[in-house]
Amino acid sequence: MSEVIDWQHPEIMERAKQIASEFETPMAITPQGKLFRIAQACFEWVRDEIFHSFDYQMNPVTCRASDVLQHKTGYCFAKSHLLAALLRANQIPAGFCYQRLSIDDKGAPYSLHGFNAIYLPEVGWYRVDARGNKEGVNAQFSPPQEQLAFKIQFPEEADFPVILAEPLWIVVEALQSQNTWDEMLRNLPDIPLESAKGYGLV
């Protein structure tokens, strides 16, 4: 267990149990079906109940999963940390994925964007993005079809295919060194494409 993905934290365990308890019914539901529903419920809860720090201009800047849960806010990276923790607390394998995106949809400057992959029986690794929906962003859980928040538009953007077991250190460092949502906005982590291999992203 990492310090950042502290899935054994009592409040994480309690929230994970509450989400899973919705599916402890006498209905005829296969173990696979139950796992799918718990994974979807965890994803939708983080997507909809944890407020994206920039969208809602909320402080503090969170990083550790338990802090994201406590403060109910986080940037995309932090929300992915909480989702991974909730899934792992429910014994569902989860990893971390990244894209490199234009910050203003016009080209440079660029920033990393963080989301998750979930391992689902008979589907395999399935990527989901819990950053939070808004106008122009409609991320959903609909395996095996992937529906992420953002698509690649520019040559300097990238959708890195690698699934990591732990968050990138450059992301953790950025979150831990900023105090307010607007400071974070000015210091979003980025990895130029030519450096991606050194970070294990390609």
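User: Between which two strands does the loop with aspartate 105 run?
Analyst: The model is predicted: local features need pLDDT of at least 70, side-chain atom pairs count only at pLDDT 80 or more, and totals for chains, interfaces and linings use all residues. Residues are numbered from 1 along each chain as its sequence is written, and side-chain values use heavy atoms, with hydrogens and water left out. Helices (H or I, at least four residues) and strands (E, at least two) are DSSP runs, numbered from the N terminus. On that basis, the loop holding aspartate 105 runs between β3 (94–102) and β4 (110–120).

User: Which residues does aspartate 105 touch, not counting residues up to four places away in sequence?
Analyst: A contact here means heavy atoms within 4.5 Å. Aspartate 105 and phenylalanine 154 are 49 residues apart in sequence, with C-alpha atoms 8.8 Å apart. Not counting residues up to four places away in sequence, aspartate 105 touches Gln153 and Phe154.

User: What is the length of the polar contact between the side chains of aspartate 105 and glutamine 153?
Analyst: A polar contact is a pair of N or O atoms within 3.5 Å; within protein, one must be able to donate a hydrogen and the other to accept it, and residues adjacent in sequence count only if both atoms are side-chain atoms. The side chains of aspartate 105 and glutamine 153 are joined by such a contact, at 3.3 Å.

User: What is the phi of aspartate 105?
Analyst: Most residues other than glycine have a negative phi. Glutamine 57, in the loop between α3 and α4, has a positive phi near 50°. Aspartate 105 is not a glycine either, and its phi is positive, at about 65°.

User: Is glutamine 99 buried or exposed?
Analyst: Buried means under 20% relative accessible area, exposed over 50%, and partly exposed in between (1.4 Å probe, protein chains only). Glutamine 99 lies in strand β3, and its contacts beyond four places in sequence include Leu112, Phe115, Leu148 and Phe160. A polar atom of its side chain is 3.5 Å from the backbone oxygen of phenylalanine 150. With a relative accessible area of 1%, glutamine 99 is buried.

User: How far apart in space are glutamate 122 and glutamine 99, C-alpha to C-alpha?
Analyst: Glutamate 122 is in the loop between β4 and β5 (124–128). A relative accessible area of 74% makes glutamate 122 exposed. It is 23 residues from glutamine 99 in sequence, and the distance in space, C-alpha to C-alpha, is 25 Å.

User: With which residue does the side chain of arginine 47 make a polar contact?
Analyst: Arginine 47 belongs to helix α2 (residues 31–49) and is buried, at 10% relative accessible area. Among the residues that arginine 47 touches beyond four places in sequence are Lys79, Ala130 and Asn133. At 3.3 Å, its side chain makes a polar contact with the side chain of glutamine 140.

User: How far apart are the end C-alpha atoms of helix α5 (residues 76–89)?
Analyst: All 14 of the 14 residues of α5 are buried, so the helix is largely enclosed by the rest of the structure. The expected span of a helix is 1.5 Å times one less than its number of residues. For the 14 residues of α5 this should be 20 Å, which agrees with the distance between the end C-alpha atoms, 20 Å.

User: How many disulfides does the count come to?
Analyst: A disulfide is taken as a pair of cysteine sulfur atoms within 2.5 Å, and by this rule the count comes to zero. Cysteine 42 is in no disulfide, and the nearest cysteine sulfur to it, that of cysteine 97, is 17 Å away. Cysteine 97 is in no disulfide either, with the sulfur of cysteine 76 nearest at 12 Å. The number of disulfides is therefore zero.

User: Which residue does a cis peptide bond join to proline 143?
Analyst: Most peptide bonds are trans. Another, with omega about 5°, joins proline 143 to proline 144.

User: What is the radius of gyration of the chain?
Analyst: The chain has seven helices and eight strands, and its C-alpha trace spans about 55 × 35 × 35 Å along the principal axes. The radius of gyration is taken over C-alpha atoms, and the globule rule is 2.2 Å times the number of residues to the power 0.38. For 202 residues, a compact globule would have a value near 17 Å, which agrees with that of the chain, 16 Å.
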